[in-house]
Structure formats: structure tokens, C-alpha cells
Amino acid sequence: MLVRRDADDMREIRPRTGLGALVVVCAMLVLVIRLYQLQILRGEVYVVQSIANFRKTLFVPADRGLIKDQKGRMLVENRPSFDVFLTPAFCKGKERDEVLEKLAAYLRLGPDDVERIKTDYQKSWLSKDKLERFKPFLVMLDIPRDQVDVLEAHKTEMSCVNLIPTPHRSYHAPTSLGHVLGYMSEVTPDELEDSPEYRRGQTIGRRGLERRWERELRGADGKQNIAVDAKGRELDKDTQEALIPEAERLVPATPGNNLVLSVDEKLQRLADVAFVGRAGAVVIMEAKTGFILAMVSRPSFDSNKMSGRISRAELKAISDDPLKPMLNRVMNENYHPGSTFKVITSLAGLENDVITPTSSVFCGGSYTMGNHRWRCDKAQGHGSLDLKHALSHSCDVYYYSVGDRTGLDALSDMARKFGYGQPTGLDLGREIPGYLPDTKSITPESGSARAHAINAAIGQGEINVTPLQQAVAYAAIANGGDILRPQIVRRIESPDGKLLREFQPEVLRKVGLKDGSLEVIRDALLAVVNEPGGTAYRSRLPDVELAGKTGTAQVMKLGQKQKLDPATQAYFSRDHAWFAAFAPASDPEVVVVVLNEHGGWGAEAAAPAASKLMAAYFRMKREESAPAAAPLVAVPAPAPSVAASSVVQ
Amino acid sequence: MALGVTEKRLDNLHWPLVLCTVIICSLGLWNLASATKNAPMFMALAQTRWMIFIGLPAVIVLLFIDYRWLQTVAWPGYFAALGLLAGVAFFGKRVLGARRWLQVGSMQIQPSEFVKLAVIVILARWFTRDETGVRKGYYGLFDLVQPFVLILIPCALVMKQPDLGTALVTFAIAMTMVMFAKVKWRDLFIMLATGAGASVFAWSRFLKEYQKQRLLTFLNPEAYAKGAGYHAIQSMVAVGSGQWSGKGWGEGTQNQLAFLPEQHTDFIFSVWAEEHGFLGAVVLIGLYAFLVLAALDVAANARDKFGSFLSIGVAALFFWHAFINMGMVTGILPVVGVPLPLFSYGGSSVVADMLGIGILLNVSMRRFMF
């Protein structure tokens with residue numbers, strides 16, 4: 001029975017097994033078709049994706065170009081250092097908090113920094129672009145050696161943290177060159193959008209030469225392709241070589257080009273020492289070429305500090321400093337030129353036949369126009385003066401008279417000829433034009449055109465100039481009327497020292513004056529320093545024909561609304577001290593302009609520094625031409641020379 | 001049992017099936033060695049030990065026992081299996097949010113793998129012993145309440161671990177066996193339609209999106225651990241990048257660099273397809289197809305109904321595991337954790353699969369005996 005019944009059942013089962021076999025074959029065919037689709041039809045696409053999985057492109061940062069002074073002394077170079085980056089995708093949730101805690105301990109982060117890192121993390125994590133979280137962001141710039149060791153030791157606990165070797169800028173130059181050199185800081189998201197060759201966390205030049213010559217200095221980053229596993233860990237060497245074709249492993253970086261400046265580092269240091277004011281500017285420029293030998297804007301900033309890790313408190317201190325350290329006073333601040341402007345008034349007088357070199361004006365201590373009275377510096381008056389004496393004694397009344405007679409527009413025109421009222425063209429970023437009033441621009445409420453002219457004649461009123469404009473104008477007086485474009489870069493060289501570009505002196509125009517006018521002025525300026533009664537007589541030099549003009553520019557009285565302590569108030573109410581000089585007077589080589597902000601008298605607060613620098617310049621020149629000679633002993637030592645040697649120390 | 005008889009029966013051994021199994025096992029170990037090349041412990045060696053020292057002796061012992069004896073142990077076996085599942089629920093080892101393993105000495109066993117066999121045996125026994133089908137000539141829907149209860153209890157316990165994949169496969173195996181009983185096509189269709197309809201209805205009508213997501217995550221935690229879709233995508237990249245002939249043994253970047261998740265267990269086929277390409281994958285699919293077809297052949301030629309149902313159950317076991325696993329790693333089925341028989345790493349699964357082969361050999365060896 002059992003057998004028969006089973007046999008019945010088997011008859012039932014057998015056809016179903018046949019059907020089952022058919023189903024099995026069909027199902028397996030479906031799999032085969034699917035595999036054909038994945039592996040054969042779309043195979044190429046998946047190969048690309050599988051390579052993209054393990055292949056990671058690292059950038060090899062290019063060495064930034066060096067900056068040297070005219071003698072080849074290193075002003076800015078690169079030093080090896082490490083930046084810390086974090087890739088959000090590789091640590092999330094609890095791991096993120098642990099990693100942050102460890103980083104805070106190992107890198108000694110403040111609550112500020114931790115907050116910033118958390119914000120950055122959150123930003124890339126919440127970004128709509130899912131790839132964003134795979135992009136490392138900067139945690140800490142340029143960490144010290146001992147922290148590098150600590151992080152290396154704890155590498156395995158924090159696989160999302162990367163130490164990236166990045167050369168950092170090292171500024172050897174005196175900090176007084178801060179405004180010239182500029183500094184580096186991280187690129188902003190906007191800049192990243194505009195320039196795809198930059199990567200997040202990289203730095204870009206800010207201000208000065210670093211910014212102006214970014215393209216030359218930067219070079220081109222190289223690329224390194226490496227193989228990583230799913231956790232982002234780099235694989236061993238053999239696997240690397242098997243997975244990445246040799247040609248794609250490394251594309252070396254192209255280092256940036258070097259800048260050779262016209263600046264003489266030694267002179268720059270001397271300028272910084274010689275200039276004693278709290279704030280102000282010094283420009284030393286070659287009179288015939290326009291090349292700048294030294295340029296001080298005080299207070300300055302430390303490029304190293306600005307390029308490295310700087311705390312918010314420090315940044316705030318800088319931005320709150322009433323002396324504005326970030327302001328480049330050489331080219332970005334307006335000052336009344338004071339008496340240094342009298343050379344322009346003189347030339348306007350000569351050119352418009354209002355005066356001759358020998359015609360004289362009587363100074364009784366004041367000048368009257370209508371019911372206004374303008375006083376001279378010397379209350380009892382200078383008596384009768386010709387041009388040379390008026391300039392060397394800096395008589396105001398003489399110039400009130402000249403200005404009154406030439407009129408405001410003649411003064412402005414002459415000033416414009418000498419480069420005032422317009423940027424000088426120094427290729428170092430933003431530069432203000434200064435300001436020259438004329439009869440069209442003045443408002444009736446501010447006084448009559450005559451009153452304006454009288455004020456302008458002694459460099460007051462609405463006239464504003466920059467120290468750099470002064471250097472250009474005095475260079476033109478010194479060199480016979482060439483308006484030069486001031487320049488600070490002499491050469492651009494390739495990393496191996498090949499000359500790529502040489503900058504030639506550039507004469508923008510000739511002032512084109514009557515024959516002899518400039519000689520008269522130069523003669524008078526020589527008298528300023530070298531004849532008894534000259535305002536800068538005390539700053540004369542025994543072996544250098546120094547010519548120059550002092551200036552004491554009155555500043556606007558501060559309103560009482562500004563809450564400043566009395567000492568600060570007093571400081572900001574003091575006059576600006578100017579001295580603009582060139583030497584040697586017979587064949588001028590070099591121009592020195594010193595502006596001592598709120599320094600007081602030009603003769604006391606500006607001229608001595610300029611005099612020291614002149615002495616130093618010529619001494620250095622002598623030393624170079626006769627290197628074997630004993631440098632200091634050979635020079636007899638009257639007062640200015642002592643001052644000069646004290647500068648060296 | 002006399003030795004002579006055994007020798008005679010060895011002639012009746014299904015040698016093609018044995019050969020096919022040996023080939024699959026060998027390829028499996030070779031592939032596992034590649035998949036676990038960078039693992040701290042040489043898993044392929046452990047797998048070999050399980051096959052040789054547990055699986056093989058168990059199969060040999062099984063061959064000496066007439067498979068009909070299984071009818072007598074069906075109930076104790078079934079309850080033992082349920083007991084183990086209950087043990088897992090209380091004492092199980094929790095891994096990635098699921099309790100699936102029982103710690104026995106230094107070994108961990110996964111009872112749900114053996115539950116499949118217990119279900120196959122108990123259903124085969126039920127369909128052999130039950131008189132209803134014979135009396136009526138067919139099974140009506142209500143006649144099947146009892147086997148359904150037998151199926152659903154273990155399935156529910158496995159689901160609770162939770163292990164959606166194993167529960168589904170166990171259910172699929174049981175349903176396949178039901179289809180081979182005298183159930184009218186119309187009733188089969190009704191069962192399938194109600195089951196499918198009810199689940200679709202429940203899914204779309206009563207569950208909110210986040211609940212669905214939560215349920216999926218709950219039932220299948222690994223698949224969602226790194227974000228839904230990651231496993232499936234990386235697996236397809238691995239398979240697809242194998243192209244015609246693959247990247248070579250041990251050269252699969254998806255596998256070796258750990259972009260492929262679970263490459264030694266659920267995604268072992270991706271390793272094979274990545275390293276041996278379309279050609280290798282088709283060969284392996286062919287081997288599994290051969291295994292299942294051979295099992296159906298054993299079922300068709302079995303001496304009795306019990307042997308036939310046992311073989312159908314084992315055929316279903318291999319078919320569903322292979323199909324769901326390969327379908328899952330190639331992206332035509334959702335990611336549910338189901339091992340590829342004799343390929344995926346895991347002692348319980350390998351031993352259970354080998355026991356299944358042992359049952360097939362047993363049934364085919366005794367097909368001429370009365």
C-alpha cells in the first residue's frame with residue numbers, strides 16, 4: 001500500500017520538479033544577464049569608480065619664491081613646518097568629540113579655537129555637497145616641533161587628523177619692512193571660487209609685495225597620487241606601486257620666482273633705529289632712479305606673527321591701536337606738508353614771475369589780508385629777505401606774500417607737476433593720491449581763494465601729501481626735474497637665479513621749468529643745512545653736502561568728544577615734523593624723507609634722523625668701494641658722525 | 001550494518017553531486033583566502049577545519065544512517081531547534097544590535113542555520129504522514145494551517161533576533177516545499193497573492209516614511225550602519241569592475257582595501273566576481289545551478305515521498321540562498337543578510353549546508369532500496 005501510495009505522490013511531484021528546474025534555470029539566467037550588464041556593459045564605469053575609491057590626490061605645495069635685498073641678503077624665505085588638518089568624513093559622532101578633546105589637549109587649544117574647529121566641522125558636515133565632508137579643513141597652522149611629535153605618536157587614534165608638511169614663510173627682515181613685504185593668510189571661500197588653483201587651507205599673499213607679486217612668488221603646486229584603503233589610510237609602498245602607474249605618482253611642484261628688491265637691508269635697519277618717533281615714515285630713495293633703498297612705516301606689524309597663528313585678542317589689539325599699525329603711512333596717509341611745501345611755492349613764484357631769486361619781501365612777523373592776520377614763526381619778524389634766505393630761514397610771511405600773489409591755482413599746478421595730488425605709481429598695492437585744492441574745489445564757507453592760497457603757500461590748509469610724494473618731488477628737484485616712478489623691485493629671478501625680468505628706472509615726465517629755477521632752490525636747500533640761521537643747521541654733516549627742508553605741519557585740533565586721556569590728547573595735538581633732504585647737493589644721489597607724526601619741530605624731530613641716515617648711506621658707500629679700509633676709525637668724529645656710528649650699534 | 005552493503009551503496013553515491021560540492025567548497029576556500037588576506041586571523045583555515053573536521057564526519061555518519069530514521073527525530077529535532085532559538089533570545093551574543101549567536105565553549109554557533117534543516121525535516125515528515133492530501137486528492141487552504149504554524153514559529157523567532165534574511169529564506173524554503181505538495185495551483189496563487197497584497201498594503205498604508213526606514217534599519221542593522229545604499233553601491237562597483245576576466249586572485253581593490261563591506265560573509269560573491277570577472281561568476285552560477293538541479297533530480301527519483309520532500313527542501317535551501325545572495329550583491333534584490341552556501345565564512349552555515357548535501361546523497365544512495 002505504502003509503496004503504491006508513494007508512487008502516486010511521486011507522479012505528482014515529478015512534473016513539479018521539472019517546473020522547478022525551469023524556474024531555477026530562469027533565475028540563474030537572470031543573474032547571468034545582470035552580471036553581463038554590470039561587468040561587460042557598465043564595466044568601464046565601475047572600473048573608474050573603483051579606482052576613484054582608493055586613489056587620493058595629495059597636493060605637493062610649491063616652495064614660494066624668496067625675497068632678497070639688493071645685496072642678496074635674505075629678507076623672506078621658507079622654513080619647513082606642519083599644518084594640522086581634519087577630514088570630517090573620517091570621524092563622526094562620538095569619535096568627533098574624542099578627537100576634538102585630544103586635539104585640544106595635544107595642541108593646547110583655547111576654547112576659542114575649539115569653537116572655531118567645531119563650527120568649521122559643522123559647516124562642512126551640513127553642506128549640501130556631500131563631498132564637502134571629505135575635504136580636509138585647517139585645524140591649526142604651523143604647529144611647533146614638540147606638538148608634531150605628540151601628534152605623530154597618537155596618529156593611529158585619530159585617523160581623521162592629518163599632519164601636512166607645508167613650508168611656511170619666514171621673515172628675516174626687520175619688522176619695519178612689514179608694510180613693504182606684507183604677510184600670508186588663509187584664502188577665503190570667495191577667493192577659492194575665483195581662483196581654482198588654490199586649495200582650502202592654503203595661504204595667499206596679503207598686502208605689500210606678497211600680495212602684489214603673488215603670481216610670481218606662488219609657483220605651481222605639484223600633485224601626488226596615492227592609494228588609500230576605505231579608512232583613508234595610506235597603503236604600503238609595494239601596493240602603492242602596483243596600484244598607481246609610475247607616471248601618475250608624482251607631478252613635482254614648480255617653485256615660485258624670487259624677488260630682488262632695491263631695498264638695502266642694512267640701511268633699512270639703520271632707518272628704523274634712526275627714526276625715534278612713535279609713528280611716522282621714512283623713505284630713502286635713489287634720486288636719479290626712483291629705486292627705494294629703505295622704507296619705514298611706523299608702527300608696523302610683524303609679518304611672521306600675521307602669517308602665523310594670531311589670536312583674536314592680538315588682532316583686536318592691532319585694530320584698536322590708535323596708531324593704526326596696519327596703515328602704510330608712506331603711501332596711504334594724508335599729511336599737510338608744512339614748510340617742506342615752500343619749495344613748490346617758491347617755484348610757482350619764480351615760474352609766474354611773481355618773484356625773482358633776488359627780489360625781497362619784508363617780514364614784520366605777520367601778514368595781513370582784509371581783517372585776517374597770519375603770523376610768522378618768528379614773532380618779531382625776519383626783516384627783509386630774498387628767496388634763499390626766506391627758504392633757509394623758513395619765513396612764513398615771505399611765502400604768504402608769494403602765495404597771495406600767485407594764487408591758489410598756480411600753487412596747485414606747480415604741485416601737480418611735481419607729482420602731488422596723484423599716486424606716485426609705486427607698484428605696491430593701494431596708494432592714495434593726496435589732495436590739492438584749487439579755486440574750483442574750495443567751498444566759500446572754508447574761506448576765500450586768497451586765504452586758501454595763503455595757507456597753501458606754507459603747506460597748510462587743505463593740501464595733503466604722502467611721504468612718498470615728497471620723496472618723488474624732492475628727487476625731481478635734486479635730479480633736475482625728472483619725475484620718477486618710485487620702484488622697490490629690481491629683479492625677478494627664477495629659483496635657480498636666472499634673471500627673468502629687470503626693472504629699469506622710469507621717468508614719468510619732466511617738470512619743464514625755466515632754466516636755473518631748480519639750481520636756485522637746491523642752493524637754498526643747501527643753505528637750510530649748512531648756513532648759520534638755516535633751520536636744519538644743527539643737522540649738517542662734515543663730509544656730506546646735505547640739502548633739505550624742514551617742515552612743521554600743524555594738525556587739526558582734536559574735538560573734545562573723543563575720549564582720550566590727557567597724555568594721548570596732547571600727543572595727537574602736536575605738530576608733524578618733516579624733513580625732506582637730498583645729497584650730495586652738487587650731484588644728488590639719494591633722497592631721504594622723514595615724517596615724525598606728532599613729533600613737533602621738523603628741525604628737532606625729523607632732521608637729525610635724516611642727517612644720520614645720509615651719513616650712514618655715504619659711509620656704507622665708502623666702505624663698499626674700499627672694503628679693506630678700516631671703516632669707522634678713519635672718519636673723524638664730530639657730533640653727527642658720532643650719531644651715525646651709534647646708529648650702527 | 002554490514003560493510004558489504006555499504007560498499008554496494010557507495011556505487012550508488014551521486015558522484016556528480018559530490019564532485020560539484022567539492023569544487024564549490026574548494027573555490028570557496030580559495031576565494032575566502034583572498035577575501036581575508038589582510039585579516040588578522042586566517043579565516044580560510046578555520047573554514048577548512050570546519051569543513052573537514054565537523055562537516056565531513058557529520059556527512060559520513062549521516063550516510064550510514066537510513067534517511068527514514070530522520071522521521072523519528074523530526075519532532076525532537078524541531079523542538080531542539082526552537083529551544084536553541086529561545087536560548088539565543090535570552091543568552092545570545094549581541095553583535096551590531098542583533099542577537100544571533102550562542103556561545104558554546106570557545107565556539108559560537110548560529111542556531112538559525114540549523115533551524116532551516118529542522119524545518120525541512122519536519123515539513124517533509126508532515127507531508128509524508130498527513131492523510132488529508134491522500135483522502136481528498138489535494139490540499140485545501142485550511143488543511144495547511146498546521147504546517148504554517150510549524151513554519152511561522154521559528155520564522156518569528158529568527159525575525160525577532162532580528163535576522164530578516166534568514167527568516168525570509170526559511171520561509172521561502174518552506175513555501176517551496178508546500179508548492180510541491182498536492183496544493184492546487186489556484187490555492188498557491190491565492191496564498192501568494194494574499195501574502196504579497198497584505199504586505200504591500202500594510203507597507204504603503206500604515207507605515208510612515210521614517211517608520212519604514214526605522215523598520216528596515218531595525219531588521220537589518222548592518223546594511224544601514226554606514227548609510228543606506230553604501231553596501232549595495234560598493235558591491236556593484238566591485239562586481240562591475242571585474243569586467244570579463246576579473247582583476248586576479250588577491251588583486252581586487254574593492255575587496256583588499258576594504259571598500260567592500262562584509263566581504264568575507266554576505267558579500268563574498270562580490271569578491272569572486274571582482275577578482276574572476278564575468279567568466280568566473282558564470283562558472284560559479286553554473287555550479288550552483290547544477291547543484292540545485294541535481295537536488296531536484298534526486299527528489300524526482302527518490303524512493304519515497306519523505307526522501308523526495310527532503311531533497312526538495314535541500315534544493316530550495318541552496319537555490320534561495322544562492323539566488324538571494326547573488327541577487328543582493330548585484331543590486332537586483334534589497335540587501336538582506338543571507339550567506340552564499342559553502343562560500344561565505346561561517347561555521348554554522350557551512351556545516352548546515354554540508355548536512356544538506358549529506359541528506360541529498362543519503363536519499364539518492366537509497367533510491368533503489370525497499
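Select helix α16 of chain A, residues 342-351, in this predicted model: 9 of its 10 residues are buried. A residue is called buried if 20 or more other C-beta atoms lie within 10 Å of its own, exposed if 12 or fewer, and partly exposed in between, with C-beta atoms placed from the backbone. Helices (H or I, at least four residues) and strands (E, at least two) are DSSP runs, numbered from the N terminus. The buried residues of α16(A) run through Lys342(A), Val343(A), Ile344(A), Thr345(A), Ser346(A), Leu347(A), Ala348(A), Gly349(A) and Leu350(A). Next, select Asp353(A), which follows α16(A) and has a positive phi, near 60°.

Residues are numbered from 1 along each chain as its sequence is written, and chains are lettered from A and ligands numbered from 1 in the order in which they are written. Because the model is predicted, local features need pLDDT of at least 70 and side-chain atom pairs count only at pLDDT 80 or more, while totals for chains, interfaces and linings use all residues.

Now display the whole of chain A. The chain holds 26 helices and 25 strands, and 43% of its 649 residues count as buried.

Turn to the open sheet of 6 strands in chain A, whose order is β7-β3-β2-β12-β20-β21, with mixed pairing. Two strands pair if DSSP finds at least two bridges between them. Select β7 (168-171) and β21 (499-502) of chain A: these stand at the edges with a single partner strand each, so one side of each has no neighbour in the sheet.

Which residues have the most contacts inside the largest nonpolar core? Select Val283(A), Ile284(A), Val591(A), Leu613(A) and Met614(A); the core has 128 residues. A nonpolar core is a set of buried Ala, Val, Leu, Ile, Met, Phe, Trp, Tyr and Cys residues joined through C-beta atoms within 7 Å. Centre on Met614(A): beyond its neighbours within four places in sequence, its contacts include Leu541(A), Ala581(A) and Val592(A). Two residues are in contact if their C-beta atoms, placed from the backbone, lie within 7 Å.

Finally, show both chains. The contact takes 35 residues from chain A and 38 residues from chain B. Select α1(A), which supplies 23 residues, the largest share of the side of chain A that touches chain B.
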